[in-house]
Amino acid sequence: MIIEINKDIDKYQESIVLGLTARQLIFSIASIIVGGGIVLLLYKYIGLTGAAYVAVPCIAPIALEGFYSYNGMSFMQYWMRKIHFMIGNRTLTYISTESESEIQKYKLQENITKAKKGKKETNEVNKINKDTKSKGNNNSNKEEFEAMKNKMKKTIIGTIIGVVLAVIGAVAYKYFRG
């Protein structure tokens, strides 16, 4: 008697109907209902082909939510994380600690601890700190990131407006044509 066992037990999926898991079955039925509803509602106005073109972008995320998996994340989890990294991330900057000013600052701090004189050395350390901060590219990197973030937001909004205008145009064309 031979009993086959999956080599990767973590990826084992119990099938409910036609080899589909419960999640896949639910989202398949949901995408069929939504797609069919869109086609039936728009068929009279823009024809079968136009209705299908409008329905596909609406049902694709629903179907992908049931079937797509990447590193254990569902489709929506993956895209929410991707959007977060595109828009919500802060910039990471590298500031070298091996520059001349940093070495001078370190030497001054050593002298301060050895001599314990206080005022004269701390004034020099503060002066060097101001010089190193003014040389940093932190502000320019932040400005560049904010500009890129605004550009991404405008691109996403423009794409959404374009899709909406295309649908409105298709409906208006069918309405005035026939």
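Leaving aside neighbours within four places in sequence, L42 touches G47, A51 and V54, where contact means heavy atoms within 4.5 Å. L42 also belongs to the largest nonpolar core, whose six residues are I38, L42, I46, A51, V54 and A55. A nonpolar core is here a set of buried Ala, Val, Leu, Ile, Met, Phe, Trp, Tyr and Cys residues joined through side-chain atoms within 4.5 Å. Buried stands for under 20% relative accessible area, exposed for over 50%, and partly exposed for what lies in between (1.4 Å probe, protein chains only).

The model is predicted: local features need pLDDT of at least 70, side-chain atom pairs count only at pLDDT 80 or more, and totals for chains, interfaces and linings use all residues. Residues are numbered from 1 along each chain as its sequence is written, and side-chain values use heavy atoms, with hydrogens and water left out.

**Chain and confidence**

The protein chain contains five helices and two strands, in the order α-β-β-α-α-α-α along the sequence. These elements are DSSP runs numbered from the N terminus (helices H or I, at least four residues; strands E, at least two). The mean pLDDT of the chain is 79, and 79% of the residues score at least 70; pLDDT is the predictor's confidence in each residue, from 0 to 100. Helix 1 has the highest mean among the elements, at 87, whereas helix 4 (residues 119-135) has the lowest, at 59.

Of the 178 residues in the chain, 17% are buried. The accessible surface comes to about 14,900 Å², and carbon and sulfur atoms account for 61% of that surface. Accessible areas come from the Shrake-Rupley method with a 1.4 Å probe, and for residues only the protein chains shown count as cover. Among contacts between residues at least 6 apart in sequence, 50% join residues at least 24 apart.

S31 is a residue of helix 1, which covers residues 22-67. S31 counts as buried because its relative accessible area is 10%. Beyond four places in sequence, S31 is in contact with I59, I62 and A63. L25 is another residue of helix 1, and L25 is partly exposed, at 22% relative accessible area.

S74 sits in strand 2 (residues 73-74). With a relative accessible area of 12%, S74 is buried. Its contacts beyond four places in sequence are R23, E65 and Y68.

**Helix 5**

Helix 5 spans residues 138-177 and includes I168. I168 is part of a nonpolar surface patch that also holds I156, I157, I160, I161, V164 and L165, with about 640 Å² of accessible area together. Patches are made of residues with over 30% relative accessible area and no salt bridge; like charges are joined within 9 Å, and nonpolar side chains (Val, Leu, Ile, Met, Phe, Trp, Tyr) within 5 Å. A salt bridge is a side-chain nitrogen of Lys or Arg within 4 Å of a carboxyl oxygen of Asp or Glu. E144 is also found in helix 5, and E144 is exposed, at 58% relative accessibility.

**C-alpha distances**

| Pair | Separation in sequence | C-alpha to C-alpha distance |
|---|---|---|
| L25 and G66 | 41 residues | 7.7 Å |
| S74 and L64 | 10 residues | 8.3 Å |
| E144 and T91 | 53 residues | 9.5 Å |
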